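Hi,

Here is the model I said I would pass on.

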Amino acid sequence: MTPLQIEKAFHIELNKRGIQSRLPGITEDQVYNWRKGRKVPTFGEMLHVLYLLNKITISNEPSPNP
């Protein structure tokens, strides 16, 4: 996935109701601040949220594109 695709997927998932209940370690305040633009999430935070939601997987396989 490209960084733009990751950001888009993050914002799609972030806008779903009740998402904070499925994210251990992420507070309701963090989700609210991300939604309202009070705090811009880092790329790592976006990856972490998508990983917790099982939207992405992390593997140690080489990329098919060099």
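**What I found**

Of the 66 residues in the protein, 23% count as buried, where buried means under 20% relative accessible area, exposed means over 50%, and partly exposed is in between (1.4 Å probe, protein chains only). Before you read on: this is a predicted model, so local features need pLDDT of at least 70 and side-chain atom pairs count only at pLDDT 80 or more, while totals for chains, interfaces and linings use all residues. Residues are numbered from 1 along each chain as its sequence is written, and side-chain values use heavy atoms, with hydrogens and water left out.

**Overall layout**

The secondary structure comes to three helices and zero strands, and the order from the N terminus is α-α-α. Helices (H or I, at least four residues) and strands (E, at least two) are DSSP runs, numbered from the N terminus. Taken along the principal axes, the C-alpha atoms fill a box of roughly 40 × 20 × 15 Å. The protein exposes about 5200 Å², with carbon and sulfur atoms supplying 53% of that; the areas come from the Shrake-Rupley method with a 1.4 Å probe, and for residues only the protein chains shown count as cover. If you take contacts (heavy atoms within 4.5 Å) between residues at least 6 apart in sequence, 48% of them join residues at least 24 apart.

**The core**

The largest nonpolar core has 13 residues, and those with the most contacts inside it are Phe 10, Leu 23, Trp 34 and Val 49. Helix H1 (3-14), helix H2 (28-36) and helix H3 (43-52) each supply at least two residues of this core. By nonpolar core I mean a set of buried Ala, Val, Leu, Ile, Met, Phe, Trp, Tyr and Cys residues joined through side-chain atoms within 4.5 Å. In soluble globular proteins, nonpolar side chains tend to be buried together.

Leaving out residues up to four places away in sequence, Trp 34 touches Phe 10, Leu 14, Ile 26, Lys 39, Pro 41, Glu 45 and Val 49. Val 49 sits in helix H3 and is buried, because its relative accessibility is 1%. The C-alpha atoms of Val 49 and Leu 14 are 8.8 Å apart, although 35 residues separate the two along the chain.

**Helix H1**

At 1.5 Å a residue, the 12 residues of H1 should span 16 Å, and its end C-alpha atoms are 16 Å apart, which agrees; the expected span is 1.5 Å times one less than the number of residues. Ile 6, Phe 10, Glu 13 and Leu 14 are buried in H1. They cover an arc of only 100° around the axis, so they lie on the same side of H1; the arc is that of the directions from the helix axis to the C-beta atoms. H2 and H3 are among what covers these buried residues. On the face turned away from the buried side you will find the exposed residues Leu 4 and Lys 8.

**Salt bridges**

There are three salt bridges in the structure, each being a side-chain nitrogen of Lys or Arg within 4 Å of a carboxyl oxygen of Asp or Glu.

Which residues are linked in a network of salt bridges? They are Glu 13, Lys 16 and Lys 55. Lys 16 pairs with Glu 13, the closest N and O atoms being 3.1 Å apart, and Lys 55 meets Glu 13 at 3.8 Å, N to O. The Lys 55 pair links distant parts of the chain: Lys 55 is in the segment after H3 and Glu 13 is in helix H1, 42 residues apart. Glu 13 counts as buried because its relative accessibility is 7%. Lys 16 is partly exposed at 36%, and Lys 55 is partly exposed at 47%.

The side chains of Lys 39 and Glu 45 also form a salt bridge (3.3 Å, N to O). Lys 39 is partly exposed at 39% relative accessibility, and Glu 45 is partly exposed at 22%.

**One backbone detail**

Asn 54 has a phi near 60°, a positive value in a residue other than glycine. Asn 54 lies in the segment after H3 and is exposed, with a relative accessible area of 68%.

Cheers
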